[in-house]
Amino acid sequence: MAHVATLIVLFPLAGFLLVLLNGRNMSEKQIGAVGTGAVAASFLVSLISFFMLLSHSSREVTVRLFDWLSVGTLHVPAALLVDPLSITMSLFVTGISALIHLYSMGYMHGEKDYRKFFSYLNLFVFSMLVLVLANNLVLTFVGWEGVGLCSYWLISYYFDRDSAASAGKKAFIYNRVGDLGLLIAMFLLFNHTGTLTYLDVFSKTGTLSPTIATLTVLALLLAATGKSAQIPLFNWLPDAMEGPTPVSALIHAATMVTAGVYLLVRMSPVLAMSSSGRMSIAVIGGATAFVAATIATSQKDIKKVLAFSTVSQIGYMVLAVGVGAYSAAIFLMISHAFFKALLFLGSGSVIHSLNGEQDLRLMGGLKKYLPLTFPTFLVGWLTISGVPPFAGFWSKGDVLTNVFEHNKPLWALGVLTAILTAYYMSRLFVLTFRGTERFREVTQGHDPHESPWVMTAPLIVLAVLSVLGGVLDLPWVHHNSLAGFLEPTFGYVAAGGHAGTLAQWGLALVDVAAAVLGLLAAFSIWRGVTSSARYESAFLEHVWRWDDFYDATIGRPLARAAQFSDDVVEAQVIDGAVGAVALGVARSGEGLRKVQSGFVRHYALATVLGLAVIVVYLVARVG
Amino acid sequence: MHSSLWIAVLLLVPLVGAALALLTRKTEGRAYVVAVAAASIEMAVSLVVALLYNNHLAHAATFDFYTRHVLSAPLGLAYDVGIDGISLLMVVLTSLVVLLALLGARDRRREPAFVGWLLLLTCFTMGSFVAHDLLEFFIFFELTLIPCYFIIGQWGGAQRSRAAMKFFIYTFAGSASLLVGILYLGFTHQHQPGGGELTFGYGALSSTAMSHGTAVWLFIAFAVAFAVKSPIWPLHTWSPLTYAEAPTAGSIELSALLAKLGTYGLLRFAVGLFPLALSTMRPALLTLAVVGILYGSALACVTSDLKRLVAYSSLAQIGFITLGVMSGSQIATVGAVLLMFNHGVITIGFFLIIGFLEQRRASITVRDFTGLQGPAPVLAALFTVVMLASIGLPGLSGFVSEFLILLGTFATHAWWAVFASIGVVAAALYLLWAYQRVFHGRAEGANLEITDATSKERWVLVPVVVLIVALGVFPKPVLDRISPSVQQLIEHTTVNGVTK
């Protein structure tokens with residue numbers, strides 16, 4: 001067991017080092033093969049570990065690698081925790097990553113920094129796996145910041161574009177603010193439980209006072225809002241679309257941005273200690289889901305729509321965590337990874353065929369030119385819209401059913417968000433694939449091309465997964481389901497059990513109605529129209545003016561304060577005070593004027609003389 | 001216990017090297033060869049000392065390589081040296097700094113006088129770190145000023161005499177207060193019941209009985225000198241000017257090494273000798289540390305010159321060290337000692353790379369650079385590693401020390417740790433912004449023609465990168481050496497920290 005799970009992490013690390021150190025001697029194909037192969041191997045090992053875990057009597061296996069930080073009472077090993085939650089995460093992370101690596105071989109073909117791209121991508125997978133497999137919070141933090149760093153590098157991949165460079169920096173800074181939360185959560189937990197190892201913390205949650213528990217949960221929530229792009233730290237994610245599209249699919253949709261949800265789920269025994277903490281989580285999740293969905297209705301860039309859609313969907317996951325529906329959150333996380341990766345890669349294929357154009361107003365009628373991208377995208381669209389029997393219907397339904405049992409207003413907000421989801425996705429679908437062809441100028445009159453097989457094959461696999469993903473956790477199956485597998489990991493499971501069968505049918509009908517309503521609205525509005533001031537308000541297009549608000553309330557005042565420190569405090573107050581003292585001393589004695597003669601030799605002499613004076617003084621004193 | 005001859009070798013090698021370098025002629029360029037040879041021997045001996053230290057006994061806290069010879073009983077003057085887990089890293093840092101400064105900072109290195117001063121500075125700094133006697137420490141501490149004056153004042157930039165003057169005024173004032181403090185402590189010890197001979201030995205003085213008020217005044221007298229040297233806010237304003245005006249090797253020596261004399265002195269002497277003062281002085285110094293972190297970060301955001309950026313970033317980093325040193329927590333203090341070393345390594349990296357840029361473009365102004373990652377990807381990558389370590393990215397060295405400091409301080413002084421943590425965000429802000437302005441964007445004109453790191457430049461930075469990664473991934477050997485000594489010191493301050 002021990003060695004096998006270690007390999008999950010080591011394969012991508014080896015791939016990273018190989019490409020980084022030896023990439024210059026490798027062809028593009030070899031680099032792609034090594035990068036993709038390393039992640040695929042990691043996926044296979046995850047599968048093996050999964051089956052070993054199934055046959056194992058204990059579902060929690062700790063793999064100690066080496067002693068990392070050990071000082072006084074602090075003991076932080078580099079160690080892995082192999083349990084249902086971490087293995088589930090590893091499986092879907094490595095699986096999706098392998099597909100996106102394959103896709104990137106085609107998408108990034110001919111790029112100048114091909115080698116760097118694949119080494120970053122492998123480093124990302126390594127960091128993500130460290131994040132989910134770590135057996136303690138500090139090691140999770142290694143992966144947590146590691147994925148943030150890779151995200152920074154990959155967003156600013158086209159670094160000669162100022163927008164890309166700024167977007168990368170913005171992502172890192174926003175994430176850092178969130179990381180502050182994780183640091184403080186660690187400080188609190190170490191201070192009150194004396195350990196940072198997950199299982200040890202969980203065995204001592206009973207000793208946490210309600211205040212400390214709530215503070216810890218809020219700190220964890222801050223961490224999650226940074227990494228998972230939730231209110232108030234969500235507005236770095238749309239900028240992150242500056243990165244190449246496979247990066248958006250992998251990091252900014254399927255895997256990294258779900259890390260915050262993973263962290264909250266992992267810490268569920270601590271969440272169990274604070275109902276007000278959980279309530280805050282649910283409210284943040286619900287609000288983000290709704291706000292982001294409204295913004296997505298008015299974006300003109302295909303990737304920005306998908307970015308806000310991602311923020312919104314993660315909002316659902318956070319909402320699920322907040323009501324204690326942990327397995328529903330993970331279920332949505334996995335199915336979302338399938339369909340959102342599918343949609344992003346599909347949009348990448350569209351962008352690829354239009355020579356890099358991302359503006360929805362310059363698309364349309366692509367259906368007949370993209371024979372593989374179109375049907376797979378169609379599947380993705382229906383899945384995210386919540387149409388049965390695709391995976392999204394089951395996973396979103398699972399979340400909403402759980403929310404209904406705990407909090408009716410948040411459930412209503414969730415349903416409203418579901419209508420908006422179906423609406424903005426249908427708008428995107430219509431503007432891209434249907435209607436008149438508006439791309440001739442972009443393609444200089446040529447017909448758009450379908451992408452090569454390395455790009456379409458992952459689309460097909462993801463489409464199949466989106467169709468079938470629902471079987472992971474069908475509501476009437478309780479054995480061999482994802483929920484059944486995961487539940488032992490959680491310290492607290494939503495009380496009240498499952499809703500009655502009748503209520504479940506009723507809620508399912510509401511979900512279907514929401515999807516249909518959104519679809520119909522979009523089709524009736526966006527038939528033959530490409531932009532509409534009425535349905536794309538500037539307020540929504542500009543993200544509720546969120547950036548302007550931060551700029552006015554935080555950015556500019558801080559910049560002014562820093563400038564003031566430089567101009568006034570440093571130059572005049574502090575230096576002035578010292579100068580005044582020095583001047584006073586100099587003026588007080590005529591003889592001292594010679595000291596300030598400006599020749600360093602005199603100062604050196606003064607030092608030596610000073611030492612002589614010490615000696616004389618001592619002799620006099622002793623004598 | 002190992003022979004004290006090892007320390008004698010550490011002190012003599014740079015001294016002999018300096019003498020030999022000064023005997024060579026300026027035109028021959030042999031001074032540089034001699035200096036590198038001496039620095040290499042020094043480095044090798046330091047590493048052997050680090051490996052031998054207490055025979056790998058993980059929990060030995062005693063001073064190794066110890067000896068005491070009284071040179072003059074009536075003067076209380078003694079040659080009293082030893083190395084414990086706290087000074088061990090500083091010894092290694094001292095030799096690392098001079099070796100890399102010689103190898104990497106290519107300006108002026110052919111001048112016998114310049115390399116001679118560098119080696120003398122190494123000898124004096126080494127002496128300060130191994131001194132186990134306060135008077136002896138003071139003499140070495142004070143002697144370090146002489147080479148510094150010459151390095152800044154003769155080989156510095158356009159404003160070198162102003163920089164040297166400012167440096168002088170500050171440090172001299174600080175030293176005066178330290179000297180008064182040391183003498184007062186020595187005489188107090190001599191005149192206490194059963195005091196006997198005049199001594200400035202660290203061991204003897206640490207058991208000096210004194211009132212709370214005396215302890216506080218002595219603590220302040222010591223702390224002022226160390227605060228200037230470190231520098232701790234608000235006694236820092238000499239440092240941006242001096243770091244910017246000094247030649248590259250001088251900036252490295254000052255910020256990577258001599259700054260640590262301040263923080264080391266604060267821990268070893270101010271905290272170690274005056275436990276009674278701590279209850280009063282802790283809140284004040286912790287607050288200054290936090291202000292330094294935030295203030296340094298703010299100024300690093302708005303400064304327009306790369307060396308000043310590192311100076312203000314160092315002010316923030318020294319704030320973290322001070323926080324750990326004053327926290328009273330074993331974990332945080334270990335982190336602080338480790339950060340003294342890590343910050344040294346990181347600063348070497350920063351100043352070397354800035355020196356490389358200065359050589360190419362004759363400028364250190366941020367505005368003069370743009371898009372360097374295109375023409376100089378290796379230089380950009382090397383800068384990135386150093387920058388990320390400074391930001392505190394887990395897996396690299398800076399994180400380990402910063403994390404230990406904040407975690408430990410949170411347990412004893414939670415609010416200070418929380419505010420200090422904001423510095424973690426701020427570090428990312430000013431460094432990434434600087435990186436964006438210098439390395440991102442589209443290179444044009446002179447920036448487009450910039451050459452990437454040469455193989456010599458790469459090799460000089462290899463030790464920096466290796467230390468940054470190694471101490472981030474596997475800091476255990478180092479932590480095991482620091483920890484017992486720190487534990488002993490913390491226990492001493494806890495036991496003696498209450499009025500009997």
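**Entry: a covered helix.** I began with helix α10 of chain B, residues 238-245, and asked how many of its residues are buried. Eight of its eight residues are buried, so I noted the helix as mostly covered. I remind myself that this is a predicted model. The buried residues of α10(B) include B:Trp238, B:Pro240, B:Leu241 and B:Tyr243. B:Ser239, B:Thr242, B:Ala244 and B:Glu245 are on that list too. Next I asked what covers the buried residues of α10(B). Among the elements doing so are α6 (145-155) and α7 (160-191) of chain B, and α11 and α13 of chain B are included as well.

**Entry: two helices from that cover.** I then looked up how α11(B) and α13(B) lie against each other. Two packed helices are described by the angle between their axes and the distance between the axes. The axes of α11 (residues 248-273) and α13 (residues 306-327) of chain B come within 11 Å and cross at roughly 15°. An angle under 35 degrees counts as roughly parallel, so α11(B) is roughly parallel to α13(B). I wrote down the handedness of the crossing of α11(B) and α13(B) as well: right-handed. On the α11(B) side, the residues that meet α13(B) include B:Ser251, B:Ala259, B:Leu266 and B:Val271. On the α13(B) side, B:Lys307, B:Val310, B:Ile318 and B:Val325 are among them. The residues of this contact divide into nine nonpolar, five polar and one charged.

**Entry: a pair in chain A.** Which way do α8(A) and α10(A) run relative to each other, roughly parallel or roughly antiparallel? The axes of α8 (residues 210-227) and α10 (residues 259-266) of chain A come within 7 Å and cross at roughly 160°. Angles over 145 degrees count as roughly antiparallel, and therefore α8(A) and α10(A) are roughly antiparallel to each other. From α8(A), the contact uses A:Leu220, A:Ala223, A:Ala224, A:Thr225 and A:Lys227. From α10(A), A:Ala259, A:Gly260, A:Val261, A:Leu263 and A:Leu264 take part. By class, the residues of the contact of α8(A) with α10(A) are seven nonpolar, two polar and one charged.

Entry: Most residues other than glycine have a negative phi, and most peptide bonds are trans. I went looking for exceptions. A:Ala229 has a phi near 50°, a positive value in a residue other than glycine. I found A:Ala229 in the loop between α8 and α9 (245-254) of chain A. Is A:Ala229 buried or exposed? A:Ala229 has 30 other C-beta atoms within 10 Å, and 20 or more count as buried, so A:Ala229 is buried. Leaving aside neighbours within four places in sequence, A:Ala229 is in contact with A:Phe234, A:Trp236, A:Leu237, A:Val257, A:Val311 and A:Ile314.

A:Arg545 also has a positive phi, near 55°. A:Arg545 is in the loop between α21 (538-541) and α22 of chain A. A:Arg545 is partly exposed because 13 other C-beta atoms lie within 10 Å.

I noted two cis peptide bonds too. One runs from A:Ile231 to A:Pro232, with omega near 10°, and A:Pro232 lies in the loop between α8 and α9 of chain A. Another runs from B:Ser230 to B:Pro231, with omega near -10°. B:Pro231 has its place in the loop between α9 (212-229) and α10 of chain B.

**Entry: where the chains touch.** How many residues does each chain bring to the contact? Chain A gives 49 and chain B gives 56. On the side of chain A that touches chain B, β1 (61-71), α5 (137-155), α6 (162-193), α22 (546-588) and α23 (600-622) each supply at least two residues. α6(A) gives the most, with 14 residues. This side of chain A has 31 nonpolar, nine polar and nine charged residues.

Entry: Over residues 589-595 of chain A, though, the pLDDT is below 50. Beyond near neighbours in sequence, that stretch has five contacts in the model.

Key. Residues numbered from 1 in each chain as written. Chains lettered and ligands numbered in written order. Predicted model: local features only at pLDDT ≥ 70, side-chain atom pairs only at ≥ 80, totals over all residues. Axes fitted to C-alpha atoms, helices over the stretch in contact; angles between N-to-C directions. Helix = DSSP H or I, 4+ residues; strand = E, 2+ residues; numbered from the N terminus. Parallel < 35°, antiparallel > 145°, perpendicular 65-115°, else oblique. Left-handed = near helix turned anticlockwise from the far one by under 90°. Contact = placed C-beta atoms within 7 Å. Nonpolar A, V, L, I, M, F, W, Y, C, P; charged D, E, K, R; others polar. Buried ≥ 20, exposed ≤ 12 C-beta atoms within 10 Å, placed from the backbone. pLDDT = per-residue confidence, 0-100.
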